[in-house]
Amino acid sequence: MTTTLTRSCRTDFDRRLAPPFAPVAEPAAAATAQARQRAAAAMARWQADDPATALAIAATLATEFPDDASPAHFWHDAAGTGFTRFFTWGHDHDFGHGVRRPGAMATRHLEIGAEAIALGFLPSALAGAEVLDVGCWSGGDALLLAGLGARVTALEEHPISAAAAARLTSLVGAPVALVQQSLYRDDPAWRGRFDLVYLSGVVYHLTDPLLALRICFAYLKPGGRLIVETKASFRGGSACDYAGTAEKGWNWYAPTLESLGRWLTDVGFPRDQIQLHLRPIRRLLACAVKGEPVALPEVAGFSRPASWLEGVC
Ligand SMILES: C[S@@+](CC[C@H](N)C(=O)[O-])C[C@H]1O[C@@H](n2cnc3c(N)ncnc32)[C@H](O)[C@@H]1O
C-alpha cells in the first residue's frame with residue numbers, strides 16, 4: 001500500500017515538472033531598436049513644456065525629497081544598512097530641457113520596459129488598461145507604464161519613496177495613484193481588477209515569493225498578464241540562491257529560470273502561458289498570462305491559511 005502511494009505521488013509530481021522550461025529567444029535587433037524608441041517616447045510625455053517649469057519641478061522634488069545617500073554610491077554606502085531608513089532617488093529622471101535628476105537605479109526602467117516590449121511581453125499601447133506597478137521606488141516604471149497609456153496604481157512600502165513617487169507623478173500630470181503599502185497587505189477588493197501587474201526588481205527582495213506571486217495572480221483579470229523582472233540564480237534545475245541580509249540589498253531568494261517558471265505555475269498560471277527570458281545582463285524577465293481564476297493548486301504550508309487567496313481567485 002505504501003509503495004503504491006509513493007509511486008503514484010511520484011508519477012504525478014514528475015508529470016507536473018516535465019518538461020523543463022526553455023528560455024524564449026532574444027528579440028530581433030530591429031524590434032529592440034523600435035521598442036527603445038517607444039519606451040523613450042512614453043517617458044518623454046512627462047517632460048515639462050518649458051525650461052522654467054522643468055527647473056521648478058526638479059527644485060521642488062530636490063527640496064522635499066533630498067538624497068540621504070548619493071545615487072552614484074548607493075550600493076556601496078547604503079544598500080546594506082536598512083533600506084527603509086534612508087531615501088535615495090530611484091530612477092534617472094529627465095524633466096525636459098536638459099534638467100535631470102540621477103537615481104540609484106539609473107535607466108533600468110527604460111531598459112526593462114524596452115526589453116519587455118521587444119519580447120512582446122509588454123504591449124506598446126496600454127490605453128484603457130488598469131495596471132498595477134509593485135515596488136515603484138521614485139516612480140520610473142509607473143511613469144513609463146502611464147506613458148504607454150495605462151491608468152496606473154503604484155504600490156510602494158517605503159514611505160518616503162511612495163511620497164516622492166506620488167509628488168513626481170502628480171507634478172508631471174501622470175495618471176498614477178500611489179498606495180503606500182506592502183504588497184503583502186493583500187486587498188480582496190482588488191481581486192480580478194488589473195489587466196497587467198508589473199513586478200520589476202522586487203520578487204527577490206521578498207521573504208515569501210510564492211505568496212507575493214499568488215497575490216499578483218489574484219489581482220489580475222482573466223487574460224491579464226504579470227511581468228516579472230528578477231535577479232537570477234544559475235545553479236541549474238530549480239535551485240534558488242538564498243542571500244538574505246548577508247548580501248547588500250536584502251536579497252532573499254533569487255530563482256533559476258526553472259524555479260521562476262515553477263513558482264508561476266504553482267500560483268495558478270497555466271504552464272503554456274508562461275514565457276521566460278534570460279536578459280543579456282543575466283537576470284530574468286518573465287511574462288505569465290492568467291487563464292480562468294483558479295484555486296491555489298496546493299494549500300499545504302501556504303502562509304495565509306484559510307485566506308481568500310487559497311480559494312478561486
Ligand atoms: C530594487 S527596487 C525596484 C524598483 C523598480 N521597480 C525597478 O525595477 O527599477 C524594489 C522596490 O520595491 C519596494 N518593495 C519591496 N518590498 C515591497 C513590498 N512587499 N511591497 C511593496 N513594495 C515593496 C522597495 O521599497 C523598492 O522601492
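**β4 and β5.** I started with β4 (151-156) and β5 (176-180). They pair in the parallel sense, over five bridges. Pairing here asks for at least two DSSP bridges between two strands. The strand and helix names come from DSSP runs, numbered from the N terminus: a helix is H or I over at least four residues, a strand is E over at least two. Opposite T153 I found A177 of β5.

**Ground rules.** This is a predicted model, so I noted that local features need pLDDT of at least 70 and side-chain atom pairs count only at pLDDT 80 or more, while totals for chains, interfaces and linings use all residues. Residue numbers start from 1 along each chain, as its sequence is written.

**The sheet.** Next I traced the whole open sheet: seven strands, in the order β5-β4-β3-β6-β7-β11-β10, with mixed pairing. β5 and β10 (274-278) are at the edges and have a single partner strand each, so one side of each has no neighbour in the sheet. From one strand to the next, the twist averages 15°. A reminder to myself: strands of a sheet pair through backbone hydrogen bonds, parallel or antiparallel.

**Around β11.** Then I looked at β11 (284-289). It pairs with β7 in the antiparallel sense over six bridges, and R225 stands opposite V289 of β11. On β10, five bridges join it to β11, again antiparallel. I274 has A288 in β11 as its bridge partner. β10 and β11 make a hairpin with five residues between them, and R282 in that turn has a positive phi of about 60°. Is β11 covered or open? Mostly covered, I noted, as five of its six residues are buried. Buried means 20 or more other C-beta atoms within 10 Å of the residue's own; 12 or fewer is exposed, anything between is partly exposed, and C-beta atoms are placed from the backbone.

**Helices on the sheet.** I found α7 (residues 159-171) lying across β4 and β5, at about 165° to β5. α9 (residues 257-266) packs on the sheet as well, touching β7 (220-230), β10 and β11, and its direction makes about 160° with that of β10. For these angles, axes are lines fitted to C-alpha atoms (for helices, over the stretch in contact), and the angles between N-to-C directions run from 0 to 180 degrees. Contact means C-beta atoms, placed from the backbone, within 7 Å.

**More on α9.** Seven of its 10 residues are buried, so α9 is largely enclosed by the rest of the structure. After α9 comes G268, with a positive phi near 130°.

**P255.** I looked this one up in strand β9 (residues 251-255). P255 counts as buried because it has 27 C-beta neighbours inside 10 Å. Leaving out residues up to four places away in sequence, P255 touches T230, A232, S233, C240, L260 and W263. Its C-alpha is 27 Å from that of Q180, which is 75 residues away along the chain.

**The ligand.** Which residues come nearest to the ligand? Of the 22 around it, I noted G135, W137, H158, S200 and G201. A residue belongs here if its C-beta atom, placed from the backbone, lies within 6 Å. α5 (108-118) and β4 each supply at least two residues of the shell. The shell divides into nine nonpolar, nine polar and four charged residues. Nonpolar covers Ala, Val, Leu, Ile, Met, Phe, Trp, Tyr, Cys and Pro; charged covers Asp, Glu, Lys and Arg; the others, Gly among them, are polar.

Conventions. Two residues are in contact if their C-beta atoms, placed from the backbone, lie within 7 Å.
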